[in-house]
Structure formats: structure tokens, C-alpha cells
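The report that follows describes the chains of one model in turn and then turns to a contact between two of them. The sequence and the structure are shown first.

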Amino acid sequence: MEQSSTSALLQGTVLDLASDVVSALRSGDHVRAGSTLTGGGAGEGVARAAVRVLGADTLLPSVLLRIPPDPGQLAVFKDAVAAHPPRDEAAPTVVWSHWAMTRALRRAEQPLTTPPADEPDAEPDARWLDGAGWQFLTHQLAVLAPLALPGEECAVTRVARSRPVDVARGFVRAVRRRDWQQAAGAGRWLTLLDGVPDTLGLEAGLDFVRLMGGSDPRVALQLEAARLMPAGVLL
Amino acid sequence: MPSKDKVLEEVTRTENIDIDAALDPAEPDGVFRDSRECAALALQSGGTNLLLSPPTPRPKKG
Amino acid sequence: MNVREIEAAALDWVWAHRDRFALGDDALAADGQVNRTWKPLGELTQVCASVARCTPPGDPLHTRVCELLDFAWQQTHRGELFPLMQTLEPFATYPLEVYAAFASAGLRHPGYEASAAVLTRTRGWRLTEQYPTRRLGVLEAERRSGIDPHGDVPRALGRTWLGGLPEPWTFERAAGYALTHVVFHLTDWGRTTRGVPADLADYLLHWLPPWLDTCLDARMWDLSCELLAVAASLPRPPEPAVLKDAWQRVAAAQTTSGAIPEEGAAQDAAGADPGEDPYDFTDCYHSTLMAAFAAALATAAAARPPDVRHAARHAGQGAPG
């Protein structure tokens with residue numbers, strides 16, 4: 001298979017999957033989140049890869065709406081975690097997004113199984129963000145937006161919590177650059193952080209990002225997450 | 001001829017490359033465009049011309 | 001990269017091109033282009049007045065800008081053109097705004113100030129329709145020219161973009177130029193950092209970094225230099241890393257002649273091998289002046305202790321430098 005066509009197919013499936021999640025978050029109907037995965041449209045391998053790319057957010061409806069995930073969807077998610085572990089020299093965002101998936105999986109499965117005997121997955125370090133400029137910090141956090149969840153506690157969320165003004169600056173920068181995906185991801189983080197300057201006008205800012213970039217389901221997903229975030233209670 | 005395993009391995013490798021690129025994306029170039037200035041409608045322009053001014057009266061026929 | 005070197009190079013370019021700031025016959029002509037005559041001369045004067053204040057006597061840069069001030073004052077026939085302009089265009093505000101730049105450098109014409117005061121007392125002058133930022137500038141021009149300001153500054157400030165503390169992501173070029181000038185007027189062009197109210201200072205410290213970063217990214221060198229001047233006009237400076245990064249990017253845009261283009265389009269037009277002095281005067285004089293202005297303020301700000309009254313108010317986050 002040509003790499004470019006694999007890539008296009010993968011990207012299209014990620015968008016479909018993101019649309020499913022957006023529909024579920026908007027309607028509160030988690031079953032619809034599974035239609036791309038269970039509808040047989042995409043090949044198994046591509047579907048798995050798309051879940052890996054969308055990451056832990058694939059299960060976001062069940063987390064934020066507090067409803068158990070669809071079993072078929074959960075099975076694909078589990079396959080994706082197993083099939084695409086980070087390579088040895090993988091970038092921190094690749095490692096962290098995989099870690100976020102394993103954590104989401106464990107949380108989703110916990111009610112179904114006996115308490116896990118094994119120890120929690122070792123958390124990667126966040127040293128690559130030590131002393132990071134606010135621009136790079138915001139870009140990396142936006143890529144790792146699936147970690148932006150109420151009550152989430154890990155090295156990345158601790159970094160984000162220590163730099164609310166910098167993430168707010170990154171949001172302004174992303175909007176100025178018309179990078180709606182980064183703006184939406186940064187905006188999702190900002191809904192969780194204390195110490196964001198009031199003058200940012202986050203609520204109007206999120207509405208603006210929706211107006212300008214909301215037709216991209218990956219942008220819409222972050223904005224829906226941001227909308228539900230204050231009400232969401234994790235675990 | 002490559003074995004089935006070899007093909008599978010190749011596909012997986014390709015997918016992983018795509019996946020890594022998607023999970024560690026470079027930042028796109030910024031797109032900058034500022035609002036343009038348009039003078040207020042019906043404001044004097046160029047000394048004599050008026051925007052949205054009534055049409056110049058023409059001699060009546062007949 | 002050294003900010004003082006950027007300043008010196010920019011002033012070298014200005015000195016070498018000072019004849020282009022000279023007032024020609026069209027300065028008084030009814031159809032003359034004010035933006036090509038009085039405006040550049042006023043800007044030259046303002047920047048030189050500020051640099052003179054920021055540098056000690058005996059410093060070569062101080063000597064240079066004093067010579068340029070002399071040159072500019074001569075262009076106005078030692079101020080005599082101002083009353084003449086007034087007889088031609090009594091209700092124009094720009095002659096007073098240009099005059100105020102000279103007055104701030106101690107170059108004054110008492111007769112002009114007295115006759116200007118007659119006009120500024122009219123209702124018509126007070127009601128001149130202008131952008132709020134420009135209105136603030138006229139008030140400050142009156143004050144600097146020894147005239148009772150026709151209105152109060154806080155009220156004028158409240159009508160500006162910056163004064164209303166807008167969402168920082170709504171920033172665009174026009175808002176940027178409006179806000180830099182608000183700060184220039186409030187601080188008497190960087191002279192009194194206390195002129196910036198505490199809430200505005202906090203607001204600017206929060207949002208100058210993304211504005212600077214995106215303007216530099218868009219190669220808007222002129223506005224970037226103005227934002228750097230604003231950064232140096234605050235009671236407390238932004239983080240050093242923000243300033244260092246911005247100055248490095250400005251330095252990279254400066255040609256060996258010292259010129260800095262207003263925007264990237266001039267660089268594109270100059271091509272890949274632009275030579276020493278590739279830009280038209282109109283495409284670079286303003287940004288080159290603004291670079292000298294910002295660099296002078298930045299150098300002076302680095303030598304001054306932060307204003308403790310304002311420093312305590314700043315909402316920091318302990319961000320790594």
C-alpha cells in the first residue's frame with residue numbers, strides 16, 4: 001500500500017471517529033460513538049490505527065458523561081493499545097498519548113473486573129517540558145489534550161497547572177495564527193487551570209474558535225470537552 | 001517473493017510511521033491576515049466622488 | 001545580539017538619510033502630502049528627543065541625536081513654520097502634535113504656544129472627530145506644549161481599545177498600533193512608566209508576549225518594534241526570555257546599513273541578495289526609527305530598578321525564564 005494513501009485513509013478515519021465522539025458528547029448517547037468502529041467502513045487495521053491517533057479521547061463520552069463504554073468499541077480500543085506501543089525512541093507526545101490510553105482503558109475496565117493486581121503503569125516523565133518556552137509548551141499540551149480531564153493527576157497536568165498564564169498566551173498565539181486545533185486544545189486545558197487571567201475572555205474565545213474552526217471534528221471535539229469539563233467529575 | 005509475514009511487518013511499520021507523525025505533529029505555519037480599512041459608506045472620497053450617492057440626474061426625455 | 005548595537009546601526013541609517021526628512025516646498029502647499037513631509041519630521045524629532053533623554057551627554061549616540069534634533073528644528077525655521085501653518089490650517093491638529101515633539105526636547109516657540117491656546121479653547125477643537133487614540137495624543141500634545149488640555153486623560157483612555165482591556169486574541173494590526181500609541185501618550189513616550197495604570201500594566205505584561213511573537217512571525221517589524229518600546233515603557237518589564245527572543249528576531253531583519261523594513265513584503269521585493277541598503281525610504285524609515293526608539297528605552301529600562309509599587313501587583317505564575 002502506498003504510504004500517502006494509507007495516510008489519507010487513516011486521516012479520514014480519524015476525522016470520522018472524532019465526529020462520532022462529538023455526536024456522542026453532544027447527544028449524551030455513547031453508542032453512537034462506536035459507529036465508525038462497528039459499522040465496518042474502515043478496515044480493522046486502519047480502525048485500530050485511527051483509535052490510536054485519536055487516543056484516550058475515543059473513550060471521552062464514557063468519561064465525561066459517566067456511562068460505561070460500548071463493549072465492541074472497548075475491544076477495538078484495547079486492540080489499539082496493544083498493537084501500537086510506542087517505539088523505543090518515540091517522541092514524548094507519542095509515549096504520553098499511549099500512557100493516557102492505558103490509563104483510560106484501566107479506568108474503563110475497572111468496574112468490570114476484579115481490582116487489578118498489577119501495579120499501575122509506570123508514568124513517563126515530563127522532563128522534556130522543563131524550562132520549555134510558552135509557545136512549545138502550549139503546542140505540546142494541545143497535542144496531549146486527552147490528558148486534560150477533571151481530576152487527572154500526572155506529570156503533564158502538574159506542568160500545565162504551574163503555568164496558566166503561559167498556556168493562556170499560547171491560546172492567544174494559536175488564535176492569532178488561526179491554528180484552530182491548537183487553540184481548541186489549549187482552550188480545553190485552560191478550563192481546568194486556576195490562575196488564568198480574566199482578561200483572556202476564555203468563554204468568548206472558545207465560541208470564537210468554534211465559529212472559525214468548528215467544522216473540523218477534531219476542533220469540535222476539544223470544544224465539546226471544554227464545554228463539559230467544569231461539570232465533569234472523574235472517577 | 002516476500003513472505004506474508006514480511007508484508008504484514010511492512011504494513012505495520014508504515015502505519016507506525018503515519019501514527020507517529022499524527023501523534024507528534026509539527027506546528028503548522030501561522031496564517032495572518034488583518035482586517036482591511038474601508039471608509040464609511042457615503043463618506044467623501046477623492047475630493048468629489050461619493051459612494052452610494054444618488055445617480056447623476058439625466059435630462060428627461062421628451 | 002546587543003540591543004545597543006541595533007540602536008546605533010539604526011541611527012547610522014537615519015543620519016545617512018537625514019536629507020529625506022527635510023521639509024520641501026510641498027510642506028506648506030495646500031495639496032502637499034502631509035504624511036510624507038510633516039509626519040516623518042515629527043517622528044524623527046520624537047525619537048531623537050527620547051533617545052537624547054535615554055543617553056548621557058558625551059555618549060556618541062546622544063551627540064548624534066542632538067545633531068539630528070538641530071537639523072529637524074532648522075527645517076521648521078526654528079519653529080517659525082508652526083505659526084505660519086496655523087494661519088493656513090488653524091483647526092488641524094497635526095502641527096500641534098509635531099510641535100509637541102520639539103517642545104519635549106526643549107525646542108519651543110512661545111508665540112505659537114500662545115496662539116494655539118486660543119484655538120484649543122473652542123468647542124469646535126474639543127469636538128474634532130478622531131479615533132480615541134488620536135484624541136489622547138492631542139491631549140498629550142497640548143500638555144507638552146504648555147497648553148491646558150481640552151479634556152481629561154482617563155476619559156479619553158477609556159474609549160481606546162487598550163483602555164477597555166479587550167480579549168487579547170482579538171488583537172490585529174490596527175488594534176496593535178492603537179495600543180502602542182496609547183502607551184506612548186500615557187508615558188510621554190517612555191519617559192514616565194508610572195503613567196500606565198496598574199491594571200493596564202498587568203494586562204500588557206500578560207499579553208505582550210503572544211502579540212510580539214505573532215507580529216514577528218508575520219514579519220511585521222514596525223509594529224514589533226513599537227511593541228518592544230511598549231515593553232520598555234512599563235513599570236515592570238516582561239520576562240527577559242521574551243525580550244531576548246524578540247530582539248534577536250529584529251536584529252536578524254536589520255540590514256548592514258542599519259535599516260529595518262516595515263514588513264516582510266519589502267524583504268520579498270528586495271530578493272534573496274538584497275545588498276546593503278535595499279529599501280525605499282518610505283518602506284523602512286518608520287520601522288528604523290522605531291527600532292532606535294525601542295532600543296533606547298530598553299537600554300535605559302535595563303538600568304533602572306523596577307517600580308516597587310507596581311511590581312507587587314503583577315500576577316505572576318513562576319514561569320521559567
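In this predicted model, the secondary structure of chain B amounts to 1 helix and 2 strands, and these elements follow one another from the N terminus in the order α-β-β. Of the 62 residues in chain B, 8% are buried.

Chain C, by comparison, is described by 16 helices and 0 strands. Its radius of gyration is 19 Å, close to the 20 Å that the globule rule gives for 321 residues, so chain C is as compact as a globular protein of that length. The C-alpha trace of chain C extends over about 55 × 45 × 40 Å along its principal axes. When contacts in chain C between residues at least 6 apart in sequence are considered, 72% of them join residues at least 24 apart.

| Chain | Residues | Buried share |
|---|---|---|
| Chain B | 62 residues | 8% |
| Chain C | 321 residues | 47% |

How many residues does the contact take from chain A, and how many from chain B? Chain A contributes 21 residues to the contact, while chain B contributes 15 residues. On the side of chain A that touches chain B, the elements that give two or more residues are helix H1 (3-27), helix H3 (44-54), helix H6 (92-109) and helix H7 (134-143) of chain A.

Conventions. Residues are numbered from 1 along each chain as its sequence is written. Chains are lettered from A and ligands numbered from 1 in the order in which they are written. This is a predicted model: local features need pLDDT of at least 70, side-chain atom pairs count only at pLDDT 80 or more; totals for chains, interfaces and linings use all residues. Two residues are in contact if their C-beta atoms, placed from the backbone, lie within 7 Å. Helices (H or I, at least four residues) and strands (E, at least two) are DSSP runs, numbered from the N terminus. The radius of gyration is taken over C-alpha atoms; the globule rule is 2.2 Å times the number of residues to the power 0.38. A residue is buried if 20 or more other C-beta atoms lie within 10 Å of its own, exposed if 12 or fewer, and partly exposed in between; C-beta atoms are placed from the backbone.
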